[in-house]
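Visitor: Hi! Could you walk me through this one? I'm new to this.
Guide: Happy to, let's take a look together.

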Amino acid sequence: MVVPIEGEPIQIHSYKHNGHIHRIWDETTILKGTQNIIIGGNDRTIVTEADGRTWVTREPAICYFHSQHWFNVIGMIREDGIHYYCNLSSPFIYDGEAVKYIDYDLDIKIFPDMTFNLLDEDEYERHRIEMKYPDAIDSILKSHVNQLIHWIRQRKGPFAPDFIDLWYERYLTYRG
């Protein structure tokens with residue numbers, strides 16, 4: 001398996017279950033790249049939506065992907081603290097071109113005080129029917145929502161108190 005090289009810029013490609021591209025982040029710097037974990041950093045990167053519209057991220061962010069978990073985590077560094085956005089998704093693959101995953105609609109938004117909201121349950125149900133998500137995937141995703149909530153409450157993995165700050169410092173060494 002190919003792993004990304006630390007310090008190298010890569011793209012992130014998000015797809016939907018039907019194979020269509022959902023969103024592309026133009027440039028993310030690899031901070032750690034193994035077969036199981038990819039951690040990247042970006043700031044003011046161009047994001048292209050499926051319909052071709054583009055926008056630019058507003059703040060520095062640390063992205064966490066794991067090959068064994070059906071979610072990924074983005075920690076956004078804002079003036080009032082770290083905000084997290086978690087995508088329920090397939091585990092990532094890296095093919096030498098980009099980190100790629102399937103976005104399964106459900107998201108968890110976490111605020112600096114670690115309170116959180118589960119988002120897009122209606123979109124998930126609609127797409128589950130339209131794109132015929134298999135029952136096995138539905139079950140895996142619901143299990144991983146619970147695992148993610150456990151990680152948030154226990155401050156595990158990317159939610160550990162200094163995780164984002166530590167990786168952001170590493171990111172700054174590549175930008176400077």
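Visitor: Are Phe 65 and Tyr 101 buried or exposed?
Guide: Both Phe 65 and Tyr 101 are buried, where buried means under 20% relative accessible area, exposed over 50% and partly exposed in between (1.4 Å probe, protein chains only). This is a predicted model, where local features need pLDDT of at least 70, side-chain atom pairs count only at pLDDT 80 or more, and totals for chains, interfaces and linings use all residues. Residues are numbered from 1 along each chain as its sequence is written, and side-chain values use heavy atoms, leaving out hydrogens and water.

Visitor: What about Trp 70 and Tyr 104, what do they form?
Guide: Trp 70 and Tyr 104 form a tilted aromatic pair, 6.2 Å centre to centre with 40° between the planes. Rings of Phe, Tyr and Trp (its six-membered ring) pair if their centres lie within 6.5 Å; planes under 30 degrees apart count as stacked, over 60 as edge-to-face and the rest as tilted.

Visitor: And how buried is each?
Guide: Trp 70 is buried, with a relative accessible area of 17%. Tyr 104 is buried too, at 2%.

Visitor: Which residues form an aromatic cluster?
Guide: Tyr 64, Phe 71, Trp 151, Phe 163 and Trp 167 form one.

Visitor: New topic: which residues of α1 meet α2?
Guide: Tyr 124, Glu 125 and Arg 128 in α1 meet Asp 138, Leu 141 and Lys 142 in α2. Contact means heavy atoms within 4.5 Å, and helices (H or I, at least four residues) and strands (E, at least two) are DSSP runs, numbered from the N terminus.
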